[in-house]
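Subject: Structure for your review

Dear colleague,

Please find the structure below, together with its sequence. The notes that follow set out what was found in it.

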Amino acid sequence: MHDLALNQIIGYIIICGGIIFDFFGVLGLVRLPDVYNRLQAATKSVTFGSVGILLGVFIYSGFTATGFKAILCAIFILLTSPVSAHAIAKAAHKAGIKLTDETIIDLYQEDKELQK
Amino acid sequence: MRVFRWFIGLLFIAAFFVMNFVVFTEIPFNYKLINVLLFCSLFILIRVVRGPSVADRIVAIDILGILIIGVCAILAIALQRSYFIDIGIAWGLQSFIGTLALAKFLEGRSLDA
Amino acid sequence: MILYIMCFFLFLVGVYGAITKRDLIKIILAIGIMGYSVNLFLVLLAYRTGALVPILKKGLNIPANMMVDPIPQALVLTSIVIELGVTALMAALAIRIYQKYDTFDITKIRRLQG
Amino acid sequence: MKTERKSRIVVFFLSLLIWILITMVCSIPSLIAGIIIALITSIFAGEMLIITERKFHLKRVWYTIEYLVKFTWELIKANFHVAYIVIHPLLPIKPGIVKVKTKLKRDSALTMLANSITLTPGTLTVDIDVDNQILYVHWIDVKFTDIEQTTKDIGGRFEKLLEEIFE
Amino acid sequence: MQNNFPNEGMSVIVKTITRFTVWLIFLYGLYIVIHGHLSPGGGFAGGVIVALSYVHLTLAYGKNFVMERVNKFAMNSLEAIAAILIVLTGLVGLYVTGYFLANFMGIGKLYTLLSAGYIPMLNIFICVKVSMGLYLVFYYLASFKQQEG
Amino acid sequence: MPVDIWLYFILGFMIIGSIACLEIKNILSSIITIGVVGLSLSLAFLFLGAPDLALVQFVFEILCMIILIRAFAKRSIEVRALQRDVPETIIAIVILASIFVLSIFAFKDMPSFGKPIVRVAERYLANAGVETGSQNIVTAVILNYRIYDTLGEITVLFTAILGTLTILRKTGRKKRHAE
Amino acid sequence: MILSQFIFVPLLAAFLIVLVARKKENIAAVIALAACAWILIVSFIAFFKLPAHGGMILNNTSGWKIPYTISLILDNLSSFMLIVVSIVAFFSAFYAIQYINHFTGKWNFFALFMLMVTGMNGVILTGDFFNLYVFMEIALISAYALVAFGTESEELEAAFKYATMGAITSTMILFGIGILYSYTSTLTMADVGLQLRSAGTPKLIFLVYGLFIAGFGLKTALVPFHAWLPDAHPSAPAPISAMLSGVLIKTLGVYALVRIFFNVFGAPTVVLQILMLLGTLSIVIGGFLSVVQWDFKRLLGFSSISQVGFIVIGFALGTPLGILGGILHLFYHAIFKSLLFLDSGAVEYATDTRDLRQLGGLSKELKVTSATTMVGTLSISGIPPFNGFFSKLIIIIACISAGQIVIGIIAALMSIVTLAYLLKVQKHAFYGKKGSAKVLEKVPFAMKTAMIILAALCLISSAIMIPSIRKNYLNPIVDTVMGKTSYIDKIEPYLDKGSVK
């Protein structure tokens with residue numbers, strides 16, 4: 001850990017932060033009660049975590065091929081991961097996977113029933 | 001009961017972190033980070049094996065894909081090779097497509113319509 | 001050595017699935033598991049402790065005994081592609097069988113019982 | 001037809017840019033290969049990036065930067081929110097699916113809104129109804145169930161900025 | 001871009017993002033192919049990624065949308081042509097050096113794009129063959145209807 | 001790198017995943033589980049110094065998953081008995097267990113992990129860059145030294161694709177018209 | 001030069017068929033037939049050129065030397081196998097020109113056919129373990145697809161069963177190759193043999209033996225692994241049945257077993273005993289099961305299991321006479337079994353059924369088919385002027401002279417059973433009472449020609465037994481198999497032993 005330049009130390013700090021958020025994300029994946037809540041925790045935290053790691057790599061390695069690849073990857077994740085979360089949530093709702101008992105309101109279900 | 005389980009889990013996680021960062025000092029720091037990410041994938045395995053519904057498993061595989069991009073990135077700076085990020089990018093791109101296919105199928109539509 | 005034995009165990013899990021399951025898709029999956037185990041086995045053979053990826057780097061003269069064995073990797077590359085081919089073909093067969101019998105259960109399909 | 005050509009040109013230059021950035025080798029063969037590949041990309045997959053005509057304003061760049069800053073702030077907040085929920089032994093959640101009305105019309109604006117909603121605290125877009133301009137949002141900690149209040153609380157954060165950027 | 005089949009495919013969000021990602025995936029596949037001899041990857045991985053970019057389009061927009069843009073017959077023919085070209089490469093090697101499939105081109109300077117003789121060329125042929133073939137397999141498997149026949 | 005510890009972990013992961021995959025009753029879940037197993041295999045390749053394979057395994061895994069999803073038609077075919085008769089299963093398990101126990105003795109002769117015998121590949125590693133001009137030695141092996149294998153590989157893929165198209169023809173036999 | 005033709009000619013033919021013949025299907029047959037004829041001619045040229053090269057032509061691919069690359073190796077045994085494959089392939093293709101009119105997708109058929117030929121040629125010629133696996137997969141995958149060619153439900157099931165079992169055992173073979181690689185760090189067969197010779201026999205090698213016997217034994221359809229054959233062979237179109245039964249099980253099974261266990265591992269006694277046991281079991285079980293069949297092609301399928309048993313025990317005896325018998329029976333069985341399958345195809349073509357209970361009295365209407373079937377029957381059951389007699393006689397004599405009298409007696413008795421079940425075919429299909437099935441269509445010209453020529457070959461090929469021919473052409477083959485290490489010794493000078501750098 002010695003003789004690191006300043007940008008490398010900052011990079012490592014961001015990477016560590018990213019990993020911690022990754023960890024919270026998967027913890028949420030295990031702990032939360034139903035698929036929608038899990039999606040909430042997992043998508044947000046893991047996306048942010050991985051983007052953090054990639055940003056850390058960018059800062060660590062500066063304006064090199066590694067850095068730009070990391071940025072490309074980060075942009076891609078930021079764009080696609082909410083979309084896949086949306087696709088899964090919609091599909092799960094259409095497939096009739098129940099929300100947890102703690103749910104207080106489900107307007108989507110009501111609207112779907114109205115349309116029929 | 002819930003608090004009790006929370007406490008057991010906390011002990012488990014704390015044990016891992018202590019082992020990783022305090023006890024084993026000879027492992028380089030980068031690899032300790034990878035250890036943490038692999039530990040995370042253990043939770044994903046739990047969700048895959050237990051997951052009551054199909055959607056839970058889809059979430060798990062999607063998250064696994066994003067998680068491993070982090071592993072690739074850390075390997076890239078640990079080994080000083082930029083092509084590990086290539087694999088990470090491929091991983092991100094393709095796992096998105098895989099998730100879309102699974103979601104589309106779960107929705108009850110055939111893949112081509 | 002324990003890694004090799006675990007690998008062989010995974011192989012046997014695949015064999016178990018392939019000979020005891022009675023669902024066409026599960027049989028295909030079991031064959032896939034066997035393929036995974038063999039691929040992993042081959043790559044495990046190639047690894048040398050502390051060795052690097054077999055890709056040269058400009059301005060860095062890596063000695064030959066500091067890189068992992070490339071031959072098993074080449075073999076696995078081929079074997080992955082072959083597995084994909086077999087999977088696609090078997091999936092096509094399974095779709096066709098499903099069309100004829102409306103089931104994937106091989107006990108309801110006459111000849112596959114044996 | 002015209003938008004298609006424009007789209008192809010944009011894709012060509014973007015591809016070339018990305019090629020140069022990710023290879024970082026400025027030799028002539030690499031550049032030529034990049035140009036050829038960008039051409040192939042724009043021919044085979046470049047026709048759908050831009051589908052509508054739009055004029056360029058300097059103002060939009062400013063709003064984009066503002067959006068990005070706000071978005072990053074919300075993203076960090078969202079993550080601390082998740083961390084708080086996950087660590088808490090009793091899981092303080094009150095989930096539900098609510099409706100959000102929006103004024104946006106364009107596909108790209110709606111998509112960005114949905115993505116932003118997904119990545120901000122406690123919300124997740126479940127479905128989108130383009131005709132009625134309604135988003136169905138899963139909210140991990142439901143505060144209001146009324147459509148107007150939810151619209152203000154969830155959609156209001158980004159709607160204006162996105163309207164300026166995309167419409 | 002005009003979409004004659006607006007009701008097929010997935011929701012608007014997915015369609016919009018697909019517009020942005022498809023060319024990126026395509027470009028990335030080609031990058032993997034061209035850099036096959038410099039970094040991991042090569043014809044097979046790149047070919048699959050290119051095929052998957054079209055699979056992605058099919059998933060998001062439905063098959064009719066894609067079939068307006070590509071020609072099945074041409075894809076099948078291209079696949080066969082690429083395969084023939086690979087064998088012909090081998091024959092040229094046989095003619096020039098006396099060994100089947102031997103390298104008949106100069107090997108160039110190490111670490112540059114134009115090195116490794118016939119390897120980049122073969123990578124491109126393999127990419128064409130693999131991508132066309134695998135997309136066709138996906139297409140035929142996906143559009144096979146249970147009721148027919 | 002503590003590769004062997006990671007590999008114990010990943011192999012355990014894969015074994016649990018594959019057993020789960022074979023025992024889960026819902027087929028779509030099975031396919032997803034095998035996807036997870038394949039992804040972790042790809043991770044193992046990454047650690048074992050084979051990024052080529054990690055990439056190829058990963059993309060082929062996704063394609064396989066998509067093909068397999070397509071291979072079963074309806075969502076409704078879910079819960080059913082998956083096992084053959086109990087005696088058959090027990091016989092199979094006993095036979096496989098005995099093979100496993102016997103194989104343990106055989107595997108004692110293997111060179112230990114991390115210290116393989118490398119004879120032929122030594123030359124590839126030393127000379128491939130100069131001889132073939134390829135920076136990536138795996139590519140040099142598959143596309144120059146052992147390209148004949150790759151020709152075979154392409155042919156396998158071609159055969160499989162052609163076979164798939166053949167099997168999915170609408171009608172196989174012509175109706176006999178001269179009756 | 002001459003060796004790579006066996007690979008690239010059928011390969012190019014297959015690719016060209018896909019490219020050109022999709023709209024005009026008749027071109028497919030022309031291309032396929034031309035390629036088959038080319039291979040047939042070249043295989044004879046290679047066979048007669050071989051003695052001038054000292055019994056071994058070695059051709060490295062890609063310009064490097066073995067063990068750093070893959071070599072194509074032609075010795076007496078592989079050259080002989082090439083001739084067998086190309087003869088059967090040519091006549092099957094010729095027969096298929098008109099037979100395949102009853103199916104759709106003519107170009108698919110011929111492309112897959114050529115790919116199967118490529119795979120078998122590759123397996124025969126290669127000198128590398130992994131390459132053997134790859135080409136075996138080509139042959140097998142095309143075989144799976146061709147078994148399901150008619151896309152009727154039975155065919156699909158048979159193909160699925162075959163594909164499942166084939167895939168499992170192929171994986172086993174790959175695992176065995178992996179273990180061998182870990183121990184010797186090379187893939188060239190001769191080099192593996194050299195390394196093992198110096199290393200002794202570790203316990204690990206027995207695991208490899210087990211995996212290889214299971215793997216190649218299934219391809220050979222030896223008895224505990226035979227379950228796929230009686231389904232797969234009848235389901236395929238008749239020319240493919242002829243190819244599968246005539247050459248595929250021999251190339252991928254018997255040839256690979258012989259090449260690996262005799263030439264590379266030096267014929268270990270354990271393996272020979274196991275093969276002997278499996279061969280005997282195959283003869284008995286296959287023979288008795290085929291007596292009770294009522295499906296024409298299924299009966300022939302079981303008969304194949306039984307006859308392959310003869311070949312395997314011939315080789316497993318390990319004596320020169322036994323190996324000579326094995327080789328001869330391999331050749332003869334390829335001819336008469338393909339003839340019989342083509343006959344059954346002709347019957348099916350004409351009457352649309354294969355059920356012996358519905359057939360009967362066809363000898364007047366299908367004269368050529370009836371006559372050629374008679375020739376095939378006499379050959380397979382070992383009636384003197386026909387070829388089957390000699391090979392079976394040699395195998396039985398070899399058994400007795402090697403001291404395995406019990407097996408010799410079993411083999412002798414089982415050849416009587418062979419006669420019994422084929423006479424059943426004769427009685428129920430061609431002679432006897434007229435059955436319910438009617439002749440709907442005449443057997444066309446190409447099919448007739450192929451059958452007549454194969455029937456003639458049944459007689460002519462007995463001429464190999466003339467002592468001078470036998471001495472010049474068969475004994476070198478026996479020496480190749482028998483001289484336990486001559487394969488390795490011959491290749492050793494070609495091995496590049498240059499030190500690193």
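I begin with one residue of chain B. Ile34(B) is located in helix α2 of chain B. Please bear in mind that the model is a predicted one. With a relative accessible area of 0%, Ile34(B) falls below the 20% limit and is therefore buried. Apart from neighbours within four places in sequence, Ile34(B) is in contact with Val71(B), Ile74(B) and Leu75(B), and also with Trp6(F) and Phe47(F) of chain F.

Contacts between chains

There are 15 pairs of chains that touch, and among these the most contacts are between chains C and F. Chains A and C do not touch, and their nearest C-alpha atoms are 14 Å apart. Chains D and F do not touch either; there the nearest C-alpha atoms are 15 Å apart.

Packing of helices across chains

Two packed helices are described by the angle between their axes and the distance between the axes. Two such pairs are set out here.

In the pair from chains C and F, helix α2 (residues 24-46) of chain C and helix α2 (residues 27-47) of chain F have axes that come within 11 Å and cross at roughly 5 degrees. Angles under 35 degrees count as roughly parallel, so α2(C) is roughly parallel to α2(F). From α2(C), the contact is made by Ile25(C), Lys26(C), Leu29(C), Ile33(C), Tyr36(C), Asn39(C), Leu40(C) and Val43(C). The residues contributed by α2(F) include Ile27(F), Ile31(F), Ile34(F), Leu41(F) and Phe45(F). By class, this contact of α2(C) with α2(F) comprises 13 nonpolar, 3 polar and 1 charged residues.

In the pair from chains B and E, helix α4 (residues 83-106) of chain B packs against helix α1 (residues 12-34) of chain E at an angle of about 140 degrees, and their axes are 11 Å apart. This angle makes α4(B) oblique to α1(E). The crossing of α4(B) and α1(E) is left-handed. On the side of α1(E), the residues that meet α4(B) are Val14(E), Ile17(E), Thr21(E), Ile25(E), Tyr28(E) and Tyr31(E). Their partners in α4(B) include Asp86(B), Ile89(B), Leu93(B), Phe96(B) and Leu100(B). The contact of α4(B) with α1(E) divides into 12 nonpolar, 2 polar and 1 charged residues.

Aromatic residues

Over all chains, a search of the whole structure finds 75 aromatic pairs. One of them is formed by Tyr12(A) and Phe29(B), which are edge-to-face at 5.7 Å centre to centre, with 75 degrees between the planes. Tyr12(A) lies in helix α1 (residues 6-31) of chain A and Phe29(B) in helix α2 (residues 29-50) of chain B, so this pair joins two chains. Tyr12(A) counts as buried at 8% relative accessibility, whereas Phe29(B) is partly exposed at 25%.

Tyr28(E) and Tyr31(E) form a tilted aromatic pair, 5.9 Å centre to centre, with 35 degrees between the planes. Both lie in helix α1 of chain E, 3 residues apart, about one turn of the helix. Tyr28(E) is buried, with a relative accessible area of 4%, and Tyr31(E) is buried as well, at 3%.

In chain G, one aromatic cluster is formed by Tyr95(G), Tyr99(G), Phe103(G), Phe109(G), Phe110(G), Phe113(G), Phe149(G) and Tyr349(G).

With kind regards

Technical notes
Residues are numbered from 1 along each chain as its sequence is written. Chains are lettered from A and ligands numbered from 1 in the order in which they are written. This is a predicted model: local features need pLDDT of at least 70, side-chain atom pairs count only at pLDDT 80 or more; totals for chains, interfaces and linings use all residues. Side-chain values use heavy atoms; hydrogens and water are left out. Axes are lines fitted to C-alpha atoms, for helices over the stretch in contact, and angles run from 0 to 180 degrees between N-to-C directions. Helices (H or I, at least four residues) and strands (E, at least two) are DSSP runs, numbered from the N terminus. Angles under 35 degrees count as roughly parallel, over 145 as roughly antiparallel, 65 to 115 as roughly perpendicular and the rest as oblique. A crossing is left-handed if the near helix is turned anticlockwise from the far one by less than a right angle, and right-handed if clockwise. Contact means heavy atoms within 4.5 Å. Ala, Val, Leu, Ile, Met, Phe, Trp, Tyr, Cys and Pro count as nonpolar, Asp, Glu, Lys and Arg as charged, and the others, Gly among them, as polar. Rings of Phe, Tyr and Trp (its six-membered ring) pair if their centres lie within 6.5 Å; planes under 30 degrees apart count as stacked, over 60 as edge-to-face and the rest as tilted. Buried means under 20% relative accessible area, exposed over 50%, partly exposed in between (1.4 Å probe, protein chains only).
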